[in-house]
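Subject: Structure handover

Hi,

Here is the structure for you to work with. Please load it before reading on.

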Amino acid sequence: MSTVTENIAAAGLPVAEPSKDDARARPGRMKTVAFVLRSGGEYAPRHVARLLDQVTEHLPGAKFRCFSDINVPGVEVIPLRHGWPGWWAKMELFRPELPDDWLFFDLDTSIVGSLVDMAAVEGPVIMRDVVEPSGLQSAIMAIPQSIKAAVWEAFTAAPADHMRRFAEGGDQSFIESCRWVDWRLWQDICPGQLCSYKMDVQRLGRVPDGVRAVVFHAKPRPWEVGW
């Protein structure tokens with residue numbers, strides 16, 4: 001099976017050059033890479049496997065966990081405990097009894113370059129929304145143990161109310177409402193390392209230089225365009 005990097009190169013799109021830091025290990029700073037798969041929608045275990053292969057290629061030695069309500073071959077599953085639908089299942093990333101610091105990716109992300117820099121960041125990090133830059137986007141997050149309890153307690157105090165109030169924006173709108181979390185933005189601390197497929201790749205006709213992760217918000221999905 002071709003890797004996403006090979007597919008992009010075959011399509012004539014440039015791929016990111018490795019960072020000069022890639023060869024240097026950063027002991028004690030590696031996060032656990034986390035995915036979330038809620039069954040019953042358009043996502044399936046094969047989409048976890050696709051992203052798992054890409055992250056493995058670009059972050060050797062990474063640990064992986066997948067929050068899911070079904071078996072996902074090839075990765076350790078953390079069972080989802082609540083019946084929160086769709087994107088709301090991502091709120092289980094904030095369960096405080098789980099000690100890992102997470103580096104989370106939505107399943108419709110494609111990894112095209114080294115993740116060393118992103119894996120090494122400290123503290124909570126989230127995306128600036130690529131469509132509405134004044135807001136936040138939860139497609140890629142660094143979630144340290146230190147912030148989980150406060151977010152979890154706020155959400156679980158009234159999950160049905162929050163899901164109704166933030167029905168349009170979903171989990172990322174609720175996360176944005178948690179003003180006490182000092183989120184930094186990926187676009188600021190890892191400038192040029194992530195982009196939008198629709199807003200950047202389709203507009204330019206290529207992957208911008210230096211990009212490591214491409215987010216596919218809504219259609220098309222990565223697998224619909226060979227990624």
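Below are notes on the strands, one glutamine and the aromatic rings.

This is a predicted model: local features need pLDDT of at least 70, side-chain atom pairs count only at pLDDT 80 or more, and totals for chains, interfaces and linings use all residues. Residues are numbered from 1 along each chain as its sequence is written, and side-chain values use heavy atoms, with hydrogens and water left out.

**Strands**

Helices (H or I, at least four residues) and strands (E, at least two) are DSSP runs, numbered from the N terminus. Two strands pair if DSSP finds at least two bridges between them. Strand β6 (residues 125-128) pairs with β7 (residues 136-143) in the antiparallel sense, over three bridges. Arginine 128 faces leucine 136 of β7. β6 also pairs with β8 (residues 184-185), in the parallel sense and over two bridges. Here isoleucine 126 has leucine 185 in β8 as its bridge partner.

**Glutamine 187**

Glutamine 187 sits in helix α7 (residues 186-189). A polar atom of its side chain lies 2.8 Å from the backbone oxygen of arginine 128. Contact means heavy atoms within 4.5 Å. Neighbours within four places in sequence aside, glutamine 187 is in contact with Ile126, Met127, Arg128, Val130 and Leu194.

**Aromatic rings**

Rings of Phe, Tyr and Trp (its six-membered ring) pair if their centres lie within 6.5 Å; planes under 30 degrees apart count as stacked, over 60 as edge-to-face and the rest as tilted. The structure holds eleven such pairs. One of them joins phenylalanine 155 and phenylalanine 174, edge-to-face, at 5.1 Å centre to centre and 70 degrees between the planes. The pair links distant parts of the chain, 19 residues apart: phenylalanine 155 is in α4 (residues 145-156), phenylalanine 174 in α6 (residues 171-177).

Buried means under 20% relative accessible area, exposed over 50%, partly exposed in between (1.4 Å probe, protein chains only). Phenylalanine 155 is buried at 0%. Phenylalanine 174 is buried at 2%.

Tyrosine 197 and phenylalanine 216 are stacked, because their ring centres are 4.4 Å apart and their planes at 15 degrees. Tyrosine 197 lies in α8 (residues 197-204) and phenylalanine 216 in the segment after β10 (213-215), so this pair ties together parts 19 residues apart in sequence. Tyrosine 197 counts as buried at 11% relative accessibility. Phenylalanine 216 is buried too, at 3%.

Finally, ring pairs link Trp84, Trp88, Trp152, Phe155, Phe166 and Phe174 into a cluster.

Best wishes

Notes
A polar contact is a pair of N or O atoms within 3.5 Å; within protein, one must be able to donate a hydrogen and the other to accept it, and residues adjacent in sequence count only if both atoms are side-chain atoms.
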